[in-house]
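Hi everyone, thanks for coming.

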Amino acid sequence: SAGLVVFDVEPRVLLPIAPAGEATQMLAGDWPVQARGGTRLAPAIELAAQQLEAVASGRRMLVVVTDGFVDEAPLEALQSRLEESRIEVVALAIGPDADASALARLVGTESGVVLRVGEAAELPRAMSSGLERRRARIERGELEVEPRASMPMLADAGVRWPGVGAYAVTRLRPEASAWLQSTRGDPVIAAWQAGAG
């Protein structure tokens, strides 16, 4: 899933959190956004946190993109809220004037990363890189899993599955269905029909 909050003096929800396919289609259209001067980060973080907190399950990641200063933001309070809501942060500081040191205080040492971006044209690559840094190739620990649909020849959707010790992090193909997923929202067992069989 994905959503988008834009901000200058005030934040606005441009795209409420929606399944990735819907979000991609909406983001491909024209964005009715015009900067109105100023960069107030705190209200934007609060609004984005509200959006993410409404998501029932899965991993919550917030990507903050700014070229401004954040000196008036209550960084400790914002960091506490993000940590309590288990929201990980990737901050992209665009240009030489962006306050990367303040962003580093916001994201903390455990749950986030700050990347400097020289030009706006570098944003897509920097955003992908930032998300990949936060994402391990293998999740390890005491990981709960839950059925998403009935599994032919194995079990109904109502069967309780034992936890797993690790799984490879993958994404569903567009034509695939997840039969079993982790409580972080990752597919653990998935299937799709290839050809006639």
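Okay, let's start with Gln79, which is buried because its relative accessible area is 19%. Buried here means under 20% relative accessible area, exposed is over 50%, and partly exposed is in between, using a 1.4 Å probe and protein chains only. Before I go on: this is a predicted model, so local features need pLDDT of at least 70 and side-chain atom pairs count only at pLDDT 80 or more, while totals for chains, interfaces and linings use all residues. Residues are numbered from 1 along each chain as its sequence is written, and side-chain values use heavy atoms, with hydrogens and water left out.

Back to Gln79, then, which lies in helix 3. Helices (H or I, at least four residues) and strands (E, at least two) are DSSP runs, numbered from the N terminus. Leaving aside residues up to four places away in sequence, Gln79 touches Arg105, Leu106, Val107 and Gly108. Contact means heavy atoms within 4.5 Å.

Now, how do helix 2 and helix 3 sit together? Their axes come within 11 Å and cross at roughly 10°, and that makes helix 2 roughly parallel to helix 3. The axes are lines fitted to C-alpha atoms, for helices over the stretch in contact, and angles run from 0 to 180 degrees between N-to-C directions. Under 35 degrees counts as roughly parallel, over 145 as roughly antiparallel, 65 to 115 as roughly perpendicular, and the rest as oblique. On the helix 2 side, the contact is made by Ala42, Ile45, Glu46, Ala49, Gln50 and Glu53, and on the helix 3 side by Leu78, Arg81 and Leu82.

On to the inside. The largest nonpolar core has 21 residues, and among those touching the most other members are Leu41, Ile45 and Leu106. Such a core is a set of buried Ala, Val, Leu, Ile, Met, Phe, Trp, Tyr and Cys residues joined through side-chain atoms within 4.5 Å. Which helix gives the largest share of this core? That would be helix 2, with six residues. There's also a second, separate core of eight residues, including Val90 and Leu123.

Last stop, an open sheet: three strands in the order 7-9-10, with antiparallel pairing. Two strands pair if DSSP finds at least two bridges between them. Strand 7 (145-147) and strand 10 (187-191) are at the edges with a single partner strand each, so one side of each has no neighbour in the sheet. Strand 9 (residues 177-182) pairs with strand 10 over four bridges, and Ser177 stands opposite Ala191 in strand 10.
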